[in-house]
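User: Could you walk me through this fold, one question at a time?

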Amino acid sequence: MEVKNIIERDDGVSQTFNWHKEAEKQWNDRAEMWNSKSREMWDDGSRCTIVPFLTKHVTKGKIADLGCGDGYGSYLLYKAGFNVTGLDLSEDMVTRANERVNDERISFVQGDLTDLPFKDESFDAAMAINSLEWTEVPYKGLEEMKRILKPGGRLCVGLLGPTAMPRINSYRRVYGEEVICNTMMPWELQKMAEETGWTYVEGQGVYKRGVEDHHIAQLDEELKQALTFMWIFIFEKK
């Protein structure tokens, strides 16, 4: 069920805020900007370690890329030998993704992370990078990911850490304004996953420039997460 909040505009007129619809609109508006920089992020930037980390833990098979954006990360999974189905809330993103490659091993659909258009236990693995942040109730998204995975299936999730600048998208909530980015922290995702039928397999941090290995080598995982731009999880469905 979609949650709708009644908000009051400056002119005193009430209007309905629908998180799902607003998120879809905003990501359609951002599609061109995202498309212009996604390749650099996946090849050389903040996402360059994700596919190598995932392939350490997931054998070849059928994988869902949930919140795939313009599909470049999906394309890398395809090149790594997976059969890939990418999903994004933005129709514009999905159109761009479908233009990237034409092969039966990779396809893209529009859909909602909290109401996935896939059958139960239909995937061997899933990847969701910076996707759960844009859901109103992250638990619903995590439950949907569990539903579509086969028993023992593995999930790679990338969640923004405390130092990530994209968290600015949730800032205006402090003024009571409606936003489409939640404030879930990596430790909260891990706790929720472990409470709801997942096993935490391994994690890896992505840090801002200037953080070297020797700065964090002696820190425990909680402190490492506290310094991250993004924490990458591998979970296994029990």
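User: Helix α5 lies across which strands, and at about what angle does it run to β7?

Analyst: This is a predicted model, with local features needing pLDDT of at least 70 and side-chain atom pairs pLDDT 80 or more, while totals for chains, interfaces and linings use all residues. Numbering starts from 1 along each chain as its sequence is written, and side-chain values use heavy atoms, leaving out hydrogens and water. Helix α5 (residues 138-148) lies across β3, β6 (123-129), β7 (149-160), β8 and β9 (230-237); helices (H or I, at least four residues) and strands (E, at least two) are DSSP runs numbered from the N terminus, and contact means heavy atoms within 4.5 Å. With axes fitted to C-alpha atoms (for helices, over the stretch in contact) and angles running from 0 to 180 degrees between N-to-C directions, α5 to β7 comes out at about 145°.

User: Which strands sit at the edges of the sheet?

Analyst: Okay, the order is β5-β4-β3-β6-β7-β9-β8, an open sheet of seven strands with mixed pairing. Strands pair if DSSP finds at least two bridges between them. The twist averages 15° from one strand to the next. Pairing on one side only are the edge strands, β5 (106-110) and β8 (198-206).
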